[in-house]
Amino acid sequence: MSGYIALTYTDLLLASVFLVINGLLSLWLHLGLERKLAIAALRMVVQLILVGLLLKSLFSILSPWLTLLVATSMVLFAGREVWARQDRKLRGLWGFGIGTGAMAFAGAGITVIALTTMIGSDPWWTPRFALPVLGMVLGNTMNGISLALDALHTGISRERVSIEAQLLLGQTRWSALRPVLRRALRSGFMPIINAMGAVGIVSLPGMMTGQILSGVDPTEAVKYQLLVMFLIGGATGLGVLAATFGSVWRLTDERDRLRLERLTKPKDPT
Amino acid sequence: MNPENPLLKVGNLTRLMIGPVSFGVGAGECVAITGPSGTGKSVLLRAIVDLDPNDGQVQAGDVIRADVPAPDWRKTVAMLPAESGWWLDHVAPHFQAPDKIRGQLPLVGLPESAMGWEVARLSTGEKHRLALLRCLEGKPKVLLLDEPTAALDHDTTLQIEALLKQQLDLGTAILIVTHDEAQAKRLAHRILRLDGGQLQQVAA
């Protein structure tokens, strides 16, 4: 295997020329995309350079507390993202808490188990392993949970009459909400199921490609990718289940009533 | 009918702008509730079946609401809401035993084949009549009906009323919300008026 080829900043400048061409085309064709393209590209450059510096210092300091701090803020940011992506949210702290809690439980929990047993880095919280794995797991769990909660809350508000009809016929809250819950779980699971089915044929995952580019044997890179996909699949599934069950529990009460007043109303499209 | 010991006993029921109200409905008795729109007649029915948070003591025979799980309570005291709800594509699976109910469809002016219909193609009135049969299937002791004939023509309305009288003969207690004064007079033994959150007897 050939080794790792380091890139120079000139290489990057050269690569960015293609994006600049796109910007010029947009100007010439009056597409009005050039501003958005430029801002997005600039954000990407700044964010990635900063994260590179941050990771570099984290890796050299090797402090468990700093690693924990970064991991916690990753979970909180992902939680905020889940909250923001729902059309109708649970009122109060519950809105942020259920998504974030589910991610902390499933995403962080599974990452810790993987680090301590399968990856076996020493010490297990070594940021070079912990943070990238947590990032990949959280990114996907976040997607699944936000899709599932959005589908659940929309479905419950839209089908209030049919849910209450079932409650009135003497069904329990779990049984009356089962059709909506099942649909919400399906939307939450769909991205990861699709990703697992398409991987290797339609898409070559970024992590595996990166490892191959840096000189790792493809069969070894595949093993890492499989590990990560299993972790992502497991964490997404558990996170989606925890978040939707928590939300159903909050939107009903012990007398088997539907408590829609605990849900915010969506903003009307302007 | 024994007014001293009613089948449905409501004591100091309070919910939002309603109450506290207390009243009873005897076995085989029909009580109608009338009143201007927006006074909370539906809210009152929902509170009795415990579909919304509320305060008060409610009892059906020797079943005390606070002592039983809410699903059991709603099987004893059943409510037919003004808008019927459906959660599957076809009519039949909404019933516990569709084959037994099929024969009763003519009682509400529908053909027996209605059991195989698609919910999406039902009219409001058809849905409502099917929902009434579905509600009766659990053999509740007390029936709370919210405008049960609002979407129906006169002949079908009379047919539904005949079915309800049959239920009264079986000893069911019925509390019916209606805008139709003629219907209240035809069916009800007593008429209560809900206004300003309080119930008042209109006629005996």
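Author: Gladly, and let us begin with a single residue of this predicted model, namely Gly170(A), which has 20 other C-beta atoms within 10 Å.

Reader: Why is Gly170(A) called buried?

Author: A residue is called buried if 20 or more other C-beta atoms lie within 10 Å of its own. Gly170(A) has 20 such atoms within 10 Å, and therefore it is buried.

Reader: Where is the place of Gly170(A) in chain A?

Author: Gly170(A) belongs to the loop between α6 and α7 of chain A, and its phi, which is positive, is near 90°. Its C-alpha atom is separated by 9.3 Å from that of Asp256(A), although the two residues are 86 apart along the chain.

Reader: What makes Gly170(A) a residue in contact with chain B, and which residues does it meet there?

Author: Contact is a matter of C-beta atoms lying within 7 Å. Once its neighbours within four places in sequence are left aside, Gly170(A) is in contact with Pro71(B), Asp72(B), Arg74(B), Lys75(B) and Gly138(B).

Reader: What does the contact between the two chains take from each of them?

Author: It takes 19 residues from chain B and 15 residues from chain A. On the side of chain B, the elements that give two or more residues are α2 and β6, and the largest share, 5 residues, comes from α2(B). By class, that side has 9 nonpolar, 3 polar and 7 charged residues.

Reader: Why are both faces of β6(B) described as covered?

Author: In a regular strand the side chains alternate between the two faces of the sheet. In β6(B), Val77(B) and Met79(B) are on one side and Ala78(B) and Leu80(B) on the other, and all of them are buried, so both faces count as covered.

Reader: How do you know that β6(B) pairs with β7(B), and in what sense?

Author: Two strands pair if at least two bridges are found between them. β6(B) and strand β7 (residues 142-146) of chain B have 4 bridges and therefore pair, in the parallel sense. Within this pairing, Val77(B) stands opposite Val142(B).

Reader: What makes β2 and β5 of chain B edge strands?

Author: The open sheet of 4 strands in chain B has the order β2-β1-β4-β5, with antiparallel pairing. The strands β2 (18-25) and β5 (63-64) each pair on one side only, and that is what is meant by an edge strand. One of these pairings, between β4 (residues 55-60) and β5(B), has 2 bridges, which meets the requirement of at least two; here Ala60(B) stands opposite Val63(B). Helix α1 (residues 41-48) of chain B lies across β1 (8-15), β2 and β4, and runs at about 115° to β1(B).

Reader: How many helices and strands does chain A have?

Author: Chain A comes to 10 helices and 0 strands, and buried residues make up 29% of its 270 residues.

Reader: What makes the meeting of α4(A) and α5(A) a crossing, and which hand does it have?

Author: The axes of α4 (residues 93-119) and α5(A) come within 9 Å and cross at roughly 145°, and the crossing is right-handed. Among the residues that make the contact are Gly99(A) and Ala102(A) of α4(A) and Phe129(A) and Ala130(A) of α5(A). By class, this contact has 17 nonpolar, 4 polar and no charged residues.

Reader: Which domains does the assignment give for chain A, and how many residues of each are in contact?

Author: The domain assignment gives domain 1 (1-61) and domain 2 (64-262), whose C-alpha centres lie 29 Å apart. In the contact, 8 residues of domain 1 meet 9 residues of domain 2, and the side of domain 1 has 6 nonpolar, 2 polar and no charged residues.

Technical notes: Residues numbered from 1 in each chain as written. Chains lettered and ligands numbered in written order. Predicted model: local features only at pLDDT ≥ 70, side-chain atom pairs only at ≥ 80, totals over all residues. Nonpolar A, V, L, I, M, F, W, Y, C, P; charged D, E, K, R; others polar. Axes fitted to C-alpha atoms, helices over the stretch in contact; angles between N-to-C directions. Left-handed = near helix turned anticlockwise from the far one by under 90°. Domains from an automatic or database assignment. Buried ≥ 20, exposed ≤ 12 C-beta atoms within 10 Å, placed from the backbone.
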